[in-house]
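Hi everyone, thanks for coming. I'd like to walk you through a structure that may be new to you, so please have a look at the screen.

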Amino acid sequence: MVKATVIGAAGGIGQPLSLLLKQNTLITDLALYDVVNSPGVAADISHINTPSVVKGYLPPDGGLEKALTGADIVVIPAGVPRKPGMTRDDLFNINASIVRDIAVGIAAHAPKAFVLVISNPVNSTVPIVAEVLKKKGVYDPKRLFGVTTLDVVRASTFVAEAAGQPTESLKFRIPVVGGHSGVTIVPLLSQCDPKVQLDQATIDQLTNRIQFGGDEVVKAKDGAGSATLSMAFAGARFAAAVLDAASGKASSVHEYTYVDLDSEAGGKDVASKLGGNLQYFSVPVTLGKNGVEKIHPLGGMSEYEEGLVKKAVADLGGNIEKGQSFVAKSSNL
Ligand SMILES: NC(=O)C1=CN([C@@H]2O[C@H](COP(=O)(O)OP(=O)(O)OC[C@H]3O[C@@H](n4cnc5c(N)ncnc54)[C@H](O)[C@@H]3O)[C@@H](O)[C@H]2O)C=CC1
Ligand SMILES: O=C([O-])CC(=O)C(=O)O
């Protein structure tokens, strides 16, 4: 039995993500929670003839508690998206408290669940969840993930396009490390597998496109939100990886995800290479039965990439601290 819960399930990401999770045959129970419309989304998705039983929940009558109780994996795309001209950090004032309150629910009702945070700004919302779980005495850094898979998906697509290759084969695997906003997103094109020969102008252009791919969608949607469908694809892919590893369906699962480096999985080496003080970074990980099994080194980097990492570290410190101090100042916990 595997129960998956989506928090923010009626939203732009939540609906297609729930649809894709309905197709994951490892999931037996799919709980869809939102502050609006979740029963309708659940009724609709429940007609699909895949194994999971789908239920929708709203806040009245303990909906959050019911949605979370017994959850093995909780995916959080709840909160507001960007409009043109905004940074992800501009979402902090609204989304920080939404994510904090969801984390309080997780601590009470699903303390052992894998928690996948999609809500922006991911650089700060992941530390928010961690600090709440710590306060409640249930924090396991190996089970908390900032979902940065969309950056990896974009990198693969954009490099394939630049190389004149088909994108559908997902042929190009490119590590993307750091955080999930602007210059904190660091694609390591020198580690592209298979190798691609790119001149510096193309590397510059691809790096910029991967770092600001989210803005491309925000601009194209012109006030109607940010990436939802590609994010649902990426979120479902990452959730499947976590579940494949936890269930033993796949023996060796490698992903990139924004995690606490201060865990038994070995992130301290990465942290010390980054200058010692940074607590969260998107890193290559091996996933296993209990979540993050091993945090791997970032690997060989070009001088250009070393420079990108330095810029990412400079920005990330403040983002992380902002999330942590928000929880420290929250008097209702
Ligand atoms: N990590 C990533 O790579 C990406 C993250 N995002 C972020 O995901 C978030 C959601 O984006 P969209 O789905 O486009 O927004 P949306 O506005 O379409 O949907 C958000 C949903 O969250 C719900 N919600 C609000 N407060 C809630 C609460 N307290 N509990 C439960 N549900 C609540 C809303 O009712 C709404 O249905 C945004 O913060 C966005 O920036 C978006 C794309 C990529
Ligand atoms: O750009 C945004 O605000 C949404 C997001 O995180 C992305 O598309 O990568």
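Predicted model: local features only at pLDDT ≥ 70, side-chain atom pairs only at ≥ 80, totals over all residues.

You can find Pro59 in the loop that runs between β3 (53-57) and α3 (63-68). Is Pro59 buried or exposed? It counts as exposed, because it has 12 C-beta neighbours inside 10 Å.

Now let's step back to the whole chain. The protein chain is divided into domain 1, residues 3-147, and domain 2, residues 149-323. Taken over C-alpha atoms, the centres of the two domains are separated by 21 Å. How do the domains meet? On one side, 38 residues of domain 1 take part, in contact with 43 residues of domain 2. Several elements of domain 1 each supply at least two residues to the side that touches domain 2, among them α1 (14-22), β4 (73-76) and β5 (114-117). The largest share of that side comes from α5, with eight residues. By class, this side of domain 1 has 25 nonpolar, seven polar and six charged residues.

Helix α4 (residues 92-109) and helix α5 (residues 122-135) pack at an angle of about 35°, and their axes are 9 Å apart. The crossing of α4 past α5 is right-handed. From α4, the contact includes Phe92, Val99 and Ala103, and from α5 it includes Ile128, Val129 and Val132. The residues of this contact divide into 10 nonpolar, three polar and one charged.

Please remember Val129, as we meet it again in the core. The largest nonpolar core has 104 residues, and Val129 is among those with the most contacts inside it, along with Ile73, Val74, Leu116 and Val117. Helix α9 (residues 229-247) gives the most to this core, with 10 residues. Where does the core lie? Domain 1 and domain 2 both give residues to it, so it lies between them.

Conventions: Residues numbered from 1 in each chain as written. Chains lettered and ligands numbered in written order. Axes fitted to C-alpha atoms, helices over the stretch in contact; angles between N-to-C directions. Helix = DSSP H or I, 4+ residues; strand = E, 2+ residues; numbered from the N terminus. Left-handed = near helix turned anticlockwise from the far one by under 90°. Contact = placed C-beta atoms within 7 Å. Nonpolar A, V, L, I, M, F, W, Y, C, P; charged D, E, K, R; others polar. Core = buried A, V, L, I, M, F, W, Y, C linked by C-beta atoms within 7 Å. Buried ≥ 20, exposed ≤ 12 C-beta atoms within 10 Å, placed from the backbone. Domains from an automatic or database assignment.
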